[in-house]
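Subject: A structure for you to look at

Hello,

Here is the structure I promised to pass on. Please open it alongside this email, so that you can follow along as you read.

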Amino acid sequence: AVMALCTYLGDIQRSMEKLSENQLSEYFNKLLQVSLWGNKCDLSISAGQDNSQKTSPIDSLNSLQSFILVDDSNMVWLTLNSSRRLEGTGKKTADRVDIVLDNAGFELVTDLVLADFLVSSGLARQIHFHGKCFPWFVSDVTAKDFQWTIRQTMAANHKWMCKSGFRWQSYLKEGVWCYHDHPFWTQPHEFCDMAADAPDLYATLQEADLVLFKGDLNYRKLTGDRDWGHTVDFCAALRGFEPAPLCSLRTLKANIQVGLQPGQAEKLTSQDPSWMTNGNYAVIQFHIPKLE
């Protein structure tokens with residue numbers, strides 16, 4: 001699966017100069033969805049059983065489309081594009097995208113591929129990754145995991161994996177990519193407390209044009225892990241947490257979900273009673289702070 005993904009990325013990059021805006025948008029949406037579904041490969045839900053990705057994730061996207069319960073990917077694209085236009089002169093590039101990571105393993109590779117595409121396509125100038133000081137759940141990304149994954153990719157006996165790994169290493173050396181961890185990510189606070197409890201981290205996120213939050217645990221902390229009604233607006237559940245335009249890429253593994261249409265949850269419950277916890281469904285949920 002990693003070989004297929006790196007080959008796909010290589011194919012995009014070979015034709016990058018010729019891509020129309022529509023093609024760029026199409027590739028962005030595909031790689032955003034790959035990063036979303038990478039979250040299915042989670043050791044904390046599989047109890048350590050083999051839960052690896054066996055097929056090309058690109059080939060699976062069409063069949064998975066109907067399982068995305070909320071899809072705000074178009075809003076994410078428009079936000080990135082408007083950030084690019086604000087540059088004004090020269091190359092149109094959003095300044096920075098932050099990715100708050102979830103699991104190591106295959107999911108992390110999908111995040112790195114998305115980040116590579118954002119930089120190499122000119123959609124973003126810089127990517128800041130946020131990992132954890134230690135695993136909060138079973139397979140959370142730490143600095144050691146992040147560096148190990150890139151080293152393994154560099155050492156792979158596969159042309160496009162190896163090329164990807166060396167490019168990722170050069171991004172880190174040049175400061176195009178940055179990795180951070182912060183104690184707040186492994187403390188019991190919900191994210192609406194961040195401005196008060198970790199003002200330095202909140203200020204860091206405020207510098208981003210877009211923040212992507214990966215996975216279920218981040219979603220639970222975004223929404224305070226409360227028993228919200230399913231039709232409550234995502235914005236309301238964030239309870240004032242809006243350092244920057246943000247998007248949650250989450251496959252559902254816990255009993256909380258907001259932002260659904262009236263009747264949508266009831267229909268899902270009748271079709272699949274464990275829809276909130278079995279990891280088969282997903283959301284791409286977006287919020288942009290209101291201008292003062």
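Predicted model: local features only at pLDDT ≥ 70, side-chain atom pairs only at ≥ 80, totals over all residues.

E5 covers residues 210-214 and runs parallel to E6 (residues 246-251), to which 4 bridges join it. Strand E2 also runs parallel to E5, again with 4 bridges between the two.

How many of the residues of E5 are buried? The count is 5 of 5. In a regular strand, side chains alternate between the two faces of the sheet. In E5, Leu 210, Leu 212 and Lys 214 are on one side, Val 211 and Phe 213 are on the other, and all of them are buried, which leaves both faces covered. Do note that the buried set includes a lysine, Lys 214.

**The cores**

The largest nonpolar core holds 59 residues, and Ile 127, Phe 129 and Trp 177 are those with the most contacts inside it. H6 gives the largest share of this core, with 10 residues.

What does Ile 127 touch, once residues up to four places away in sequence are not counted? Its contacts are Val 97, Ile 99, Ala 115, Leu 118, Val 119, Val 176, Trp 177 and Cys 178.

**Aromatic pairs**

There are 17 aromatic pairs. One of them is Phe 191 with Phe 213, a tilted pair with 5.6 Å from centre to centre and 35° between the planes. Phe 191 lies in the loop between E4 and helix H9 (194-197) and Phe 213 lies in strand E5, so this pair ties together parts that are 22 residues apart in sequence. Phe 191 is buried, at a relative accessible area of 0%, and Phe 213 is buried too, with a relative accessibility of 0%.

There is also an aromatic cluster made up of Phe 129, Phe 146, Trp 168, Tyr 171, Trp 177 and Tyr 179. Phe 129 and Trp 177 are names you have already met in the largest core.

**Helix H4**

H4 spans residues 57-64, and its buried residues are Pro 57, Ile 58, Ser 60, Leu 61 and Leu 64. Why do these lie on the same side of H4? The reason is that they cover an arc of only 155° around the axis. The exposed residues Asp 59, Asn 62 and Ser 63 sit on the face turned away from that buried side. Among the elements that cover the buried residues of H4 are helix H1 (2-14), helix H2 (21-38), strand E1 (68-71) and helix H6 (106-120).

Asp 209 lies in the loop between helix H10 (199-206) and E5. Leaving aside neighbours within four places in sequence, Asp 209 is in contact with Thr 79, Ser 83, Ala 94, Asp 95, Arg 96 and Pro 245.

Two further residues have a positive phi although they are not glycines: for Asp 225 the value is about 55°, and for Arg 239 about 50°. You will find Asp 225 in the loop between helix H11 (215-222) and helix H12 (234-238), while Arg 239 lies in the loop between H12 and E6. Asp 225 is partly exposed, at a relative accessible area of 41%, and Arg 239 is partly exposed as well, with a value of 41%.

Terms used. Residues numbered from 1 in each chain as written. Heavy atoms only, no water. Buried < 20%, exposed > 50% of the residue type's maximum accessible area, 1.4 Å probe, protein only. Arc of directions from axis to C-beta. Contact = heavy atoms within 4.5 Å. Core = buried A, V, L, I, M, F, W, Y, C linked by side-chain atoms within 4.5 Å. Pairing = 2+ DSSP bridges. Phe/Tyr/Trp six-rings, centres within 6.5 Å; stacked < 30°, edge-to-face > 60°.
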